[in-house]
Amino acid sequence: MASKSKIEKQKRIYALVEKHAEKRAELIAKGDYEGLAKLPRNSSRTRMRRLCQLTGRPRGNYRKFQISRIALRDMALDGLIPGMKKSSW
């Protein structure tokens with residue numbers, strides 16, 4: 001599981017991105033990069049990170065399920081994801 005501090009940090013980043021999204025788009029359209037540099041660094045969308053909802057793993061996440069590849073495989077093998085089964089050939 002991701003530490004509570006990491007989860008809270010991601011929440012703050014998501015809030016900042018949402019708060020400054022309109023202003024950031026406006027500055028980019030104008031080409032005002034000095035004004036853009038004055039905005040908080042964490043208000044950029046590239047600072048956001050998807051974490052697994054079950055384990056908090058930051059890498060190897062599936063957007064559709066919002067869980068990591070490892071958790072997805074475990075759930076699929078347990079039959080918890082409808083329509084998904086282990087492939088064999």
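Predicted model: local features only at pLDDT ≥ 70, side-chain atom pairs only at ≥ 80, totals over all residues.

Q: How far apart are the centres of domain 1 and domain 2?
A: Taken over C-alpha atoms, the centres of domain 1 and domain 2 are separated by 26 Å. Domain 1 covers 1-48 and domain 2 covers 51-81, with bounds from an automatic or database domain assignment.

Q: OK, which residues make up the largest nonpolar core?
A: That core has five residues: C52, I67, A71, L72 and I81. A nonpolar core here is a set of buried Ala, Val, Leu, Ile, Met, Phe, Trp, Tyr and Cys residues joined through side-chain atoms within 4.5 Å. Buried means under 20% relative accessible area, exposed is over 50%, and partly exposed is in between (1.4 Å probe, protein chains only).

Q: And what does I67 touch?
A: Beyond its neighbours within four places in sequence, I67 contacts C52, Q53, L54, G60, N61, Y62, L72 and M75. Contact means heavy atoms within 4.5 Å.

Q: What about S68, buried or exposed?
A: S68 is buried, because its relative accessible area is 1%. S68 sits in strand β2; strands are DSSP runs of E, at least two residues, and helices are runs of H or I, at least four, numbered from the N terminus. Not counting residues up to four places away in sequence, S68 touches C52, T55, R57, R59, G60, N61 and Y62.

Q: Where's Q66, then?
A: Q66 is in the loop between β1 and β2. It has a positive phi of about 60° despite not being a glycine. Q66 counts as partly exposed because its relative accessible area is 45%.

Q: And F65, where is that one?
A: F65 is also in the loop between β1 (61-62) and β2 (67-68). F65 counts as partly exposed because its relative accessibility is 32%.

Q: Switching topic: where's K23?
A: K23 belongs to helix α1 (residues 4-30). It's partly exposed, at 43% relative accessible area.

Q: How far is K23 from L36?
A: Their C-alpha atoms are separated by 8.7 Å, and the two are 13 residues apart along the chain.

Note on methods
Residues numbered from 1 in each chain as written. Heavy atoms only, no water.
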